[in-house]
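Look at the model first, then read on.

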Amino acid sequence: MTERLVVVHPDQDVLVAAAAARFLTRLSDVQAVRSPAHVVLTGGTVGIKLLAAVADHPARDAVDWSDVHVWWGDERFVASGDPERNETQARDALLDALPVPADHVHPMPAGPGTPEDAASRYAQALRAHAPDGADVPAFDLLLLGMGPDAHVASLFPGHVALDAPGSTTGVHDSPKPPPLRVSLTFAAINQAREVWIVAAGAEKAGAVAAGLASQDRAQAPVSAVHGTERTLWLLDAAAASATP
Ligand SMILES: O=C1O[C@H](COP(=O)(O)O)[C@@H](O)[C@H](O)[C@H]1O
């Protein structure tokens, strides 16, 4: 049975600092028992602040970064190096400061071709690092931001991509710009050992409440994600304010 834990911090700054400490502890604990560690990053406001806090954390070097593989849960399908890309923001906030080998960093492709082409290439990369019989690595930690509409990764309410088969999907007509995206599917996300949903701000309060209460992934995609071992909701008080 997977454990679900909801942790509420007083404000966004404390949330980000505490999540950064937790992130480093998680990777360090994983490295005490297996190698390599696989972490999946998210984009979004709090997701990128969290990475910047990891970069500034005094315990940053508690992790052997040379033995970490870095993946993404979703990506905006724009040109490589575009500041809108989750990859670009993560490199700026954290990865450029770390000795992660270049071939351990696995950004979702920016092109050429369509989001479906990129999704298919990413599925191949994931499979190449997956255990026998699996299509994705057993991610040790998968971070997710969440939109005010309860979307996670690029899985939006009512969108056809919610039902995509396989481990990755191209996304067209995203309700949040940019319209073209690439995303892990629920099936891929839910193979992670730990999934952390990180959300701050009153504008997320309704989505948090719906996500914790609902079983309806078409309305609240966040309600359908979980880790195989643990699911953490890391919130600030404002984001938790509509949850009993
Ligand atoms: O577009 C995206 O948005 C979500 C949430 O972003 P936020 O700014 O509301 O925190 C993010 O999780 C996702 O990775 C990203 O592509």
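How do the residues of the shell around the ligand divide into nonpolar, polar and charged?

## The ligand shell

The shell holds four nonpolar, nine polar and three charged residues. Here Ala, Val, Leu, Ile, Met, Phe, Trp, Tyr, Cys and Pro count as nonpolar; Asp, Glu, Lys and Arg count as charged; the others, Gly among them, are polar.

There are 16 residues around the ligand, and T42, G43, G44, T45 and G145 come nearest. A residue is near a molecule if its C-beta atom, placed from the backbone, lies within 6 Å of it. Two elements give two or more residues to this shell: α2 (45-56) and β4 (74-76). The most come from α2, which gives three.

## About the model

This is a predicted model: local features need pLDDT of at least 70, side-chain atom pairs count only at pLDDT 80 or more, and totals for chains, interfaces and linings use all residues. Residues are numbered from 1 along each chain as its sequence is written.

## The whole chain

The chain has six helices and nine strands. Helices (H or I, at least four residues) and strands (E, at least two) are DSSP runs, numbered from the N terminus.

A compact globule of 244 residues would have a radius of gyration near 18 Å; the chain has 16 Å, which agrees. This radius is taken over C-alpha atoms, and the globule rule is 2.2 Å times the number of residues to the power 0.38. Along the principal axes, the C-alpha atoms fill a box of roughly 45 × 40 × 35 Å.

## Two helices that cross

Two packed helices are described by the angle and the distance between their axes. The axes of α1 (residues 12-33) and α2 come within 8 Å and cross at roughly 60°. Therefore α1 is oblique to α2. Axes are lines fitted to C-alpha atoms, for helices over the stretch in contact, and angles run from 0 to 180 degrees between N-to-C directions. Under 35 degrees is roughly parallel, over 145 roughly antiparallel, 65 to 115 roughly perpendicular, and the rest oblique.

Which residues of α1 and α2 make the contact? From α1 come Q12, V16, A17, A19, A20, F23 and L24; from α2 come V46, K49, L50, A53 and V54. Contact means C-beta atoms, placed from the backbone, within 7 Å. These residues divide into 10 nonpolar, one polar and one charged.

## Backbone details

A cis peptide bond joins S35 and P36, with omega about -5°. P36 sits in the loop between α1 and β2 (37-41). The bond from P177 to P178 is also cis, with omega near -5°.

Definitions and conventions: Two residues are in contact if their C-beta atoms, placed from the backbone, lie within 7 Å.
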